[in-house]
Amino acid sequence: MAASADDPLPKSIIDEAARWIAVAEGDALSAEKKAALNAWLAVDPRHARAFAAMQDIWAHMAGVPETLALRASLLAAADRRSRRSLPRATGPRRQRWIGPALAASLALMFIGIAADLPTRLQADEMTATGERRIVKLPDGSTVHLDTHSAVALDFVDGRRVVRLLGGEAAFIVAPDPHRPFTVEASGGSATALGTRFLVRRDADGARVMVTEHSVRVTYPVPQGSSAVVTEGQSLAYGQDGLGHAAPANTADAMAWTEGVLVFRNTPLTQVVAEIGRYHRGYFRVLGEAQTLRVSGVFHIDDPVAAINQLQRSLGLNSTRLTNRLIFISG
């Protein structure tokens, strides 16, 4: 059966399309490489679809102002067969590792954009990358949505359910003894017992952190499917089951609601990844710099400035393909 234009692209094709974008970005393609690229494009319609999508992402990163229409058009543009010339990045002379790093970054961005579509269809409230928003719910409760986060609401007689579809959110729950307030995420749930708490989804499951009173966390595993998490504690659940409630620094965890991130002796890679959640682009740490640890407070309204602050304080180097793609090294 022929592949539909709406079918997901295999990762192998995404990776190869990203590799060709990286090759074309570095130097003018030789006649031999152009022939190889054209041959690859001709083999399978999905190759051209993936290559066109990568061109859009790269053009987007190279300084084209982002608009909602442009973002929404990224996947639609995947059907195009145009082979526009690629915008050239500015910056220091190309280094040997740039190509593979650029290709890997583009592939990750493509996968992230594709994964957004189902979430957009389900969400009642959703934030863009870098956006934080306070949402008032019909019952008087409040949700602080962090960057690139989404929720769907199911409020009916007898229950209040919020599904966290992605990202992180902080909840301030209005009391209602007749309608429990439950947040569902990653196969588990957290039911408020009159409280304030955060829920964050990650690749393996979710983490619940309580800043006031307590919540009951439930996860469907054979052994111990629920636990009460009290003020100042956090608990994670996911593929390894339901974890144990443990003390947590709730002030640091809530810092993003005030526009900052706080780190204490944290691996640089984790710090950069967290700052990168607020950036419409991609940051990556390479080489020995990945072993460094960082303590500090960073403002998230300007992620590039935060990266600059990190770079100066640690004496690190960076290679920039516009501010949308920054590689940090020792």
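Me: Which residues of α8 are buried?
Reply: In this predicted model, the buried residues of α8 are Pro 303, Val 304, Ala 306, Ile 307, Leu 310 and Gln 311.

Me: What makes the buried residues of α8 line one face of the helix?
Reply: Look down the axis of α8: the buried residues fall within an arc of 160°, so they line one face. The face turned away from them carries the exposed residues Arg 312 and Ser 313, and exposed means over 50% relative accessible area.

Me: What covers the buried residues of α8?
Reply: The cover includes α7, β17, β18, β19 and β20.

Me: How do you know what span to expect for α8?
Reply: The rule is 1.5 Å times one less than the number of residues. Helix α8, residues 303-314, has 12 residues, for which 16 Å is expected. From the first C-alpha to the last, α8 reaches 17 Å, which is close to that value.

Me: Which residues of α7 are buried, then?
Reply: They are Leu 268, Val 271, Val 272, Glu 274, Ile 275 and Gly 276. These residues pack against β9, β16, β17, β18, α8 and β20.

Me: Why is Ser 329 called buried?
Reply: Its relative accessibility is 19%, and the cut-off for buried is under 20%. Since 19% falls under that cut-off, Ser 329 counts as buried. Ser 329 is found in strand β20. Leaving aside neighbours within four places in sequence, Ser 329 is in contact with Leu 286, Ala 289, Leu 316 and Asn 317.

Me: And what makes Met 54 buried?
Reply: Met 54 has a relative accessible area of 1%, so the under 20% test is passed. Met 54 sits in helix α3. Beyond its neighbours within four places in sequence, its contacts include Ile 14, Ala 17, Leu 106 and Phe 110. Met 54 and Leu 106 are 52 residues apart along the chain, yet their C-alpha atoms are separated by 7.0 Å.

Me: Why is His 148 called partly exposed?
Reply: Its relative accessible area is 33%. Partly exposed lies between the under 20% of buried and the over 50% of exposed, so 33% gives His 148 that label. His 148 belongs to the loop between β3 and β4.

Me: How much space lies in the second largest pocket, and which residues are closest to its centre?
Reply: The space is about 660 Å³. Of the 23 residues that line this pocket, the closest to the centre are Arg 200, Met 209, Ala 253, Gln 270 and Glu 274.

Me: What supplies the lining of the second largest pocket?
Reply: β9, β10, α6, β16 and α7 each supply at least two residues. The largest share, 5 residues, comes from β16. By kind, the lining divides into 10 nonpolar, 4 polar and 9 charged residues.

Technical notes
Residues are numbered from 1 along each chain as its sequence is written. This is a predicted model: local features need pLDDT of at least 70, side-chain atom pairs count only at pLDDT 80 or more; totals for chains, interfaces and linings use all residues. Side-chain values use heavy atoms; hydrogens and water are left out. Helices (H or I, at least four residues) and strands (E, at least two) are DSSP runs, numbered from the N terminus. Buried means under 20% relative accessible area, exposed over 50%, partly exposed in between (1.4 Å probe, protein chains only). The arc is that of the directions from the helix axis to the C-beta atoms. Contact means heavy atoms within 4.5 Å. On a 1 Å grid over the protein atoms alone, a cavity is a set of points where a 1.4 Å probe fits but cannot get out, and a pocket is an open set with protein on both sides within 12 Å along at least five of seven lines; lining residues have an atom within 4 Å of a point. Grid points are joined across faces, edges and corners, and a volume is the space filled by probe spheres set on the points. Ala, Val, Leu, Ile, Met, Phe, Trp, Tyr, Cys and Pro count as nonpolar, Asp, Glu, Lys and Arg as charged, and the others, Gly among them, as polar.
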